[in-house]
Amino acid sequence: MDAGGGMSGLKAQSRPEREPVMITGMAAVSPLGNTCEAIADNLFAGRSGVTVVEADPTARTPRQFVAAVAGVGAPAGIDPADFAQLNRLEQMCLAPAACALADARFERGGRPRLGLVLGVGAEHLKTWELDYLAGGSLVFEPRRDPSLVHRLASRLGIDGPAVTVAAACASSGYALALARSWLESGWVDACLAGGCDILSPTSLAAFYNLRALSRRDDDPTKASRPFDRGRDGFVMGEGGAFFVLEQRDKAVARGARLRGELAGVGMSSDGAHMVIPSSDPVQAARAISAALTDAGVSPAEVDYVNAHAAGTPVGDVAEANAIRLALSGATDGVPVSSTKSMSGHLVSGAAAFEALVCLAAIDRQAVPPTLNLDEPDPACPLDHVPHVARSHPVEVALSNSFGFGGSNLCLVLRRAA
Amino acid sequence: MNDSACRSRSGLGFVIGSHAFLEVRLADIGQLRDRAAPRGSPLLPPRFLRHADEHTVVGMQVVLTALAAHPAAPRIASHGIVAAPCQPGRIVGAKTLAEFGRGGGVTVSPHVVPQCSLHSVAGAVSVALGMHGPHLGVGGGPEALGEGLLVAAALLASGGDPGCTGVWLVATEWDEEPGLDAQGVPLTNPACRGLALLLEPVAKPDDGGSVVAPVSFDIRMTKPPHGPRLHPTGGLVAFARAIGMCREGGALASWAVACPGGGEIRISSRFQPAVSRPAEPWMRGAA
């Protein structure tokens, strides 16, 4: 494929045979619930997790629309008193990470060589802010503290490689992609991967001042409206998801439950602007196409696209064009929805959470809706699923994630075979 | 997977196509934002680095320096980049929090998120140089270099971007974290170090001589029990020095360090002839 912009690589190509990478454990914290079942129930019922909070005097607006996580409890195996001492970002990562590991059901004493890839985009900025708001002065002090990923690895007993990756709103998706690569390289036997993000006063203010947030102030559940003519920005959320990945042969050998396959990964960069997505869809389409090729899937075999679509005027159009370019003539028969209309935008945690949404679509054989899609923007001509979920056979689902700096990522999720 | 990556069951090998190392004092970073790029490197858009974090300014300069030193003209549009800064955004973060404490959300710059997050160094280089391979921020803490090495190697070997012909690894850190007053103003003048490596697949003999560097780079994971999680011995400076010695064909023919999770990173001399390529249009001063 011509990375310089050519589209010659959009045809499906043969790929080398390799062992499929399966998902054998998963967990999430989100504005739509903290269990996979609750999240799926809310998604397919079309319930919004966006609420209004009466903001303090430092906020940019007196009433702030956010999609917040109601509360996170200490996971099994972690002392609640210790858990309560952690900052909110660490709690929001540790809880689903530990639950995903537990969900994988490794035998006691029989845990394989395990790695950890954490997708978090602004760990230090958030940590300094939480400390500052609590009266601390960490940010002013000339010190270096261990990163969150290594503290997590230590708490979870993970002794393999552990890294943090960041690609803005695609961060946690890149974590999954990297974990898959480590498995295929033989560096680990299993890998815990995912990401999470939290709301904070300065990040809300920064995105507001960037004019990226919706400025609606009526009904909070109406504010996030991807692909709608009336969209005016996204609603910030918090949360994320973690997965345990293993190669199929090893997972089957230990009797693991196969929750789905991470069948393909595609990535590219716009190389165009630090904030605004490129109006040229070629690079984003190239990521989608590469993911399909990697999975050995043709556009006609795609059953569902979970769009990145955050509800920004420019970004949604750019993505619609990329989907149409990558899927070509198959677009009309492929339902597309943006679940950010319900969950808000989980930023670093969005990509992993939306991978979980795709697995829920495969599990329930239905496509979650895009809320508030009252009047689809004609510049986004896709097979939308407005307002209510659609019963639909889903074997293969795509999840797009696009981040600041023109970072493009597409994951292909497939029913476990 | 990239077929020309040298792969074994638990190891990945590449060549280092170019490298550079810089140290810049905090007081000098301001003028570096507007300084002309090194001869032979691409022109940046005007004022591109105006809002950039110090790690980004140094990261950009060290990539431009390595590009200028490259014996050929790499196809940079098909490159990706992994940038591994240690605690980026601290000076801006401190000023932002101090101002937020006084004046609330209206004082927060919209540039903080795109310019001072972990992905920002990689994003800025990717945008400035028109890279279409993937770009990622990695690490962010004291072990950023080791994490960056693991990610860069895996990225180049993965099938996520079959068009990717090279991955840059950029690592940045302060020699000592700057002390800041309560307004976020630096009280010290530390040096920001930057290392840039261009990792390229090991070329096959019939590739027409795409190998342009005499240094190989291998990562291999050990079997359990894992070793201790370590930052590469001696940190960024020692790592850069070892690469330089290997590239010059000096007495140091091989150098290995432990990396996070019990792996091993080995750098060794691999003498192969350099092959020139035609200059690309963006190359200033090219013949």
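A residue counts as buried here when its relative accessible area is under 20%. Keep that cut-off in mind for the tour of this predicted model.

**Stop 1: helix α1 of chain A**

Select residues 36-45 of chain A, which form helix α1. Which residues of this helix are buried? They are Cys36(A), Ile39(A), Ala40(A), Asn42(A), Leu43(A) and Phe44(A). Now show what these buried residues pack against in chain A: β1 (21-29), α11 (340-343), α12 (350-364) and β11 (366-367). Then step past the end of the helix. Gly46(A) follows α1(A), and its phi is positive, near 70°.

**Stop 2: Val275 of chain A**

Move to Val275(A). Find it in the loop between β8 (260-269) and α9 (282-295) of chain A. Is Val275(A) buried or partly exposed? Its relative accessible area is 24%, so Val275(A) is partly exposed: buried would require under 20%.

Next, display its surroundings. Setting aside neighbours within four places in sequence, Val275(A) touches Leu210(A), Phe404(A), Gly405(A) and Pro114(B). Pick Gly405(A) from that set. In sequence, Gly405(A) and Val275(A) are 130 residues apart; in space, their C-alpha atoms are 5.5 Å apart. Pro114(B), also in the set, belongs to chain B.

**Stop 3: between the chains**

Colour the two chains separately. On the chain A side, 75 residues are in contact with 85 residues of chain B. The two chains bury about 6,100 Å² between them. Carbon and sulfur atoms carry 62% of that area. Which residues of chain A lose the most area to chain B? Select Arg144(A), Trp187(A) and Met274(A). Together they make up 14% of what the chain A side buries.

**Stop 4: chain B as a whole**

Chain B has seven helices and nine strands. Of its 287 residues, 62% are buried. Take the contacts in chain B with a separation of 6 or more: 79% of them join residues 24 or more positions apart.

**Stop 5: a helix pair in chain B**

Select helix α2 (residues 54-69) and helix α5 (residues 120-129) of chain B. Their axes come within 9 Å and cross at roughly 45°. That angle makes α2(B) oblique to α5(B). The crossing is right-handed.

Show side chains for the contact. From α2(B), take His55(B), Thr56(B), Gly59(B), Met60(B), Val63(B), Leu64(B) and Leu67(B). From α5(B), take Ser120(B), Val121(B), Ala124(B), Val125(B), Ala128(B) and Leu129(B). How do the residues of this contact divide? Nine are nonpolar, four are polar and none is charged.

Definitions and conventions: Residues are numbered from 1 along each chain as its sequence is written. Chains are lettered from A and ligands numbered from 1 in the order in which they are written. This is a predicted model: local features need pLDDT of at least 70, side-chain atom pairs count only at pLDDT 80 or more; totals for chains, interfaces and linings use all residues. Side-chain values use heavy atoms; hydrogens and water are left out. Axes are lines fitted to C-alpha atoms, for helices over the stretch in contact, and angles run from 0 to 180 degrees between N-to-C directions. Helices (H or I, at least four residues) and strands (E, at least two) are DSSP runs, numbered from the N terminus. Angles under 35 degrees count as roughly parallel, over 145 as roughly antiparallel, 65 to 115 as roughly perpendicular and the rest as oblique. A crossing is left-handed if the near helix is turned anticlockwise from the far one by less than a right angle, and right-handed if clockwise. Contact means heavy atoms within 4.5 Å. Ala, Val, Leu, Ile, Met, Phe, Trp, Tyr, Cys and Pro count as nonpolar, Asp, Glu, Lys and Arg as charged, and the others, Gly among them, as polar. Buried means under 20% relative accessible area, exposed over 50%, partly exposed in between (1.4 Å probe, protein chains only). Buried area is the accessible area (1.4 Å probe) that two parts lose on being put together, summed over both.
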